[in-house]
Amino acid sequence: MEPGGLEWLLVPMQQLVSWGAAGAMVFGGVVPYIPQYRDIRRTQNAEGFSTYVCLVLLVANILRILFWFGRRFESPLLWQSIIMIITMLLMLKLCTEVRVSNELNIKRRSFADFDLNYFWHWSKFTDYVQCVLTFTGVTGYITYLWLDSSLFVETLGFLAVFTEAMLGVPQLYRNYQNRSTEGMSIKMVLMWTSGDTFKTVYFILNQAPFQFSICGLLQVFVDIAILLQVYLYSYYPQKPVSHTAHPASTKAL
């Protein structure tokens, strides 16, 4: 059979693989949070999940969308950011409702208090939305003013992916504080690791901006460090580090 005779089959298959990879990029990032969301909803306890993870991802993906206006990259990466922002808002909504329902402290905190001691530890989901909208408005305006500067655009892209690379750090630190990974979904971390590995390979093969590939590798290393914590604290239990109780550091929000 002539080589050209298989083109009718190879071309559609290549297209399907391309669509599959794009779909995995768009929705694959949110899949790890499904088991964590279900665990929190089932146990009505969000103590094991650090909502600073949500903060990191919200900041990173907002900056990535703004970066797109200065340097266009592949559409699946743009849609991935939009889907991730929606997912993180849903996670925040659930965690806020669970924490407030379990909290005995009557004192309510809000974004409008401008109290840094309680930053990202507010009592209503709407306060988080206000914070996200404020950040988006300020950074969007700055980006609009400096969009013609290639240095600013490249720096914005680096900040976006570097912030995302720090995704696992809040969870890493929380585990270290608790000397335990109890309450954290191990499935979520395993999915982080596999997803970040796939994402980094995707960046390299598709010649995405260099910031994406470098920070993708860093993200994989952080994921592996969290998996090492799972092994360490499971087989060699340790006493929690004694530290002063503070809502911003000991609560899930």
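## Helix H2 against H8

In this predicted model, H2 and H8 pack with their axes 7 Å apart, at an angle of about 165°. Angles over 145 degrees count as roughly antiparallel, so H2 is roughly antiparallel to H8. Their crossing is left-handed.

From H2, the residues that touch are Tyr-33, Pro-35 and Gln-36, while H8 brings Lys-187, Met-188, Met-191 and Trp-192. Sorted by class, the contact of H2 with H8 holds five nonpolar residues, one polar and one charged.

## Helix H2 against H4

Now let's turn to the other helix pair. Here the axes of H2 and H4 lie 10 Å apart, and the packing angle is about 15°. That value makes H2 roughly parallel to H4, and H2 passes H4 in a left-handed crossing.

On the H2 side you will find Tyr-33, Gln-36, Tyr-37, Ile-40 and Arg-41; they meet Met-84, Thr-87, Met-88, Leu-90, Met-91, Leu-94, Cys-95 and Val-98 of H4. The classes in the contact of H2 with H4 are 10 nonpolar, two polar and one charged.

## The nonpolar core

The largest nonpolar core counts 53 residues. Among those with the most contacts inside this core are Tyr-33, Ile-40 and Met-88, along with Trp-192; Phe-49, Trp-120 and Phe-212 are also on that list. At least two core residues come from each of H2 (33–43), H3 (52–70), H4 (75–102), H5 (125–146), H6 (150–165), H8 (186–205) and H9 (210–235). H3 gives the largest share, 13 residues.

Key: Residues are numbered from 1 along each chain as its sequence is written. This is a predicted model: local features need pLDDT of at least 70, side-chain atom pairs count only at pLDDT 80 or more; totals for chains, interfaces and linings use all residues. Side-chain values use heavy atoms; hydrogens and water are left out. A nonpolar core is a set of buried Ala, Val, Leu, Ile, Met, Phe, Trp, Tyr and Cys residues joined through side-chain atoms within 4.5 Å. Buried means under 20% relative accessible area, exposed over 50%, partly exposed in between (1.4 Å probe, protein chains only). Helices (H or I, at least four residues) and strands (E, at least two) are DSSP runs, numbered from the N terminus. Axes are lines fitted to C-alpha atoms, for helices over the stretch in contact, and angles run from 0 to 180 degrees between N-to-C directions. Angles under 35 degrees count as roughly parallel, over 145 as roughly antiparallel, 65 to 115 as roughly perpendicular and the rest as oblique. A crossing is left-handed if the near helix is turned anticlockwise from the far one by less than a right angle, and right-handed if clockwise. Contact means heavy atoms within 4.5 Å. Ala, Val, Leu, Ile, Met, Phe, Trp, Tyr, Cys and Pro count as nonpolar, Asp, Glu, Lys and Arg as charged, and the others, Gly among them, as polar.
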